[in-house]
Amino acid sequence: MIVDPDAELVARVGRGDRAAAQALMRRHLPKMLALARRMLSDPIEAEDAVQDAFMRLWTHAARWQPGQAKFETWLYRVTINKCYDRLRRRPTALLEEAATVVDPAPGPEANLQNAALAEQIEAALKALPERQRAAIQLCHYQECGNIEAAEIMDISVEALESLLARGRRTLRSRLSHLRE
Amino acid sequence: MRRDSSAEMTQSRFAAIVDAYGGDPARWPPDEREAAERWLASSSAAQAQVLEALDLDRTLAAQVAPDVSSALERRLMDGFDRARQRRSLGEFYAAAADALWPGAPAWQPAFVLGMALAVGLCIAVFAPLDIPQPDESAGSVFALDSVPDAGQGI
């Protein structure tokens, strides 16, 4: 039996408890938004994807069966799927643009600025194939364990490790100028 | 699939773990962490690999999580209110159906009500109505009678 720290809140949300909905939202929204932002690289679209995921939560909470899967795993899976849907709806031109490597030659002063640094990391993440990006988001930024991340992505742990290794290799090469 | 936690760590497996999960042991698979940490302590090549991986970890950590706007929070809670309203309406219909036909699935009373309505409409449209029409002469008698002292002045 899985011990789920969200089980009680989800049950209350299912009964229409607004305070529980607010608590659940505050607990998960920052991580979900960060995940969607890194997946989509577009703050407006990321908010829309998160809103779709929460709408799914609000309508399905009453039917949630505790003990079958961890709630957070389900919620991340919904969020990632909403991001995949949006990525697939994007025109090809945008996907090509996303796959373009950013100019890796900023001056050393710019490297010292956090904003500029974050921008370059975001661009490097954005250029990764979507499944590699999702694996990095879950294991590195969301701090999911390997089994949980594989479950969220509906793949085996071996497949997850392969995605992570390829993603990290690409990032290492694209961000090498930041580490010199 | 979980790996066998009792399996010995090998150089290639250690390299695969660090390649995938980075240099922070906290991110390594829990069932292999202990063996991997032992390997790390005993191998200078492993230590060099971890240092290199930590370098990328630190770079990636520079990207901070975005702030959550209060406008987004409001939108999400508005969504909750709408969903709750829809659910209440659904529950109202379900309760009404249960009162009409206790224990039956919701579609049964809905089906019976729908059929009753359809039959009623068919009767109204197609069945001949045999309503007796009032007699015209009786009407005129009534009309004459209803005028007080109509002919008395003639």
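Colleague: Which residues of α4(A) meet α9(A), and what makes that a contact?

Modeller: Glu72(A), Thr73(A), Tyr76(A), Arg77(A), Ile80(A) and Tyr84(A) in α4(A) meet Glu148(A), Glu151(A), Ile152(A) and Met153(A) in α9(A). Contact means heavy atoms within 4.5 Å. By class, five of these residues are nonpolar, one is polar and four are charged; Ala, Val, Leu, Ile, Met, Phe, Trp, Tyr, Cys and Pro count as nonpolar, Asp, Glu, Lys and Arg as charged, and the others, Gly among them, as polar. This is a predicted model, in which local features need pLDDT of at least 70 and side-chain atom pairs count only at pLDDT 80 or more, while totals for chains, interfaces and linings use all residues. Residues are numbered from 1 along each chain as its sequence is written, chains are lettered from A in the order in which they are written, and side-chain values use heavy atoms, with hydrogens and water left out.

Colleague: Why is α4(A) called oblique to α9(A)?

Modeller: Helix α4 (residues 71-89) of chain A and helix α9 (residues 146-153) of chain A pack at an angle of about 45°, with their axes 8 Å apart. Angles under 35 degrees count as roughly parallel, over 145 as roughly antiparallel, 65 to 115 as roughly perpendicular and the rest as oblique. The angle therefore makes α4(A) oblique to α9(A). The helices are DSSP runs (H or I, at least four residues), numbered from the N terminus. Axes are lines fitted to C-alpha atoms over the stretch in contact, and angles run from 0 to 180 degrees between N-to-C directions.

Colleague: What makes α9(A) and α10(A) roughly perpendicular?

Modeller: Their axes come within 9 Å and cross at roughly 95°, so the two helices are roughly perpendicular to each other. Asn146(A), Ile147(A), Ala149(A), Ala150(A) and Met153(A) in α9(A) meet Val157(A), Leu160(A) and Leu163(A) in α10(A). That contact has seven nonpolar, one polar and no charged residues.

Colleague: How do you know how α10(A) lies against α3(B)?

Modeller: The axes of helix α10 (residues 157-174) of chain A and helix α3 (residues 44-61) of chain B come within 11 Å and cross at roughly 80°. That angle makes α10(A) roughly perpendicular to α3(B). Arg168(A), Leu171(A) and Arg172(A) make the contact with Glu52(B), Ala53(B), Leu56(B), Asp57(B) and Leu60(B).

Colleague: Why is the pair of Arg75(B) and Asp48(A) called a salt bridge?

Modeller: The closest N and O atoms are 3.0 Å apart, and a salt bridge is a side-chain nitrogen of Lys or Arg within 4 Å of a carboxyl oxygen of Asp or Glu. The pair crosses between chains, from helix α4 (residues 70-100) of chain B to helix α3 (residues 43-60) of chain A. Across the interface of chain A and chain B the rule finds six salt bridges.
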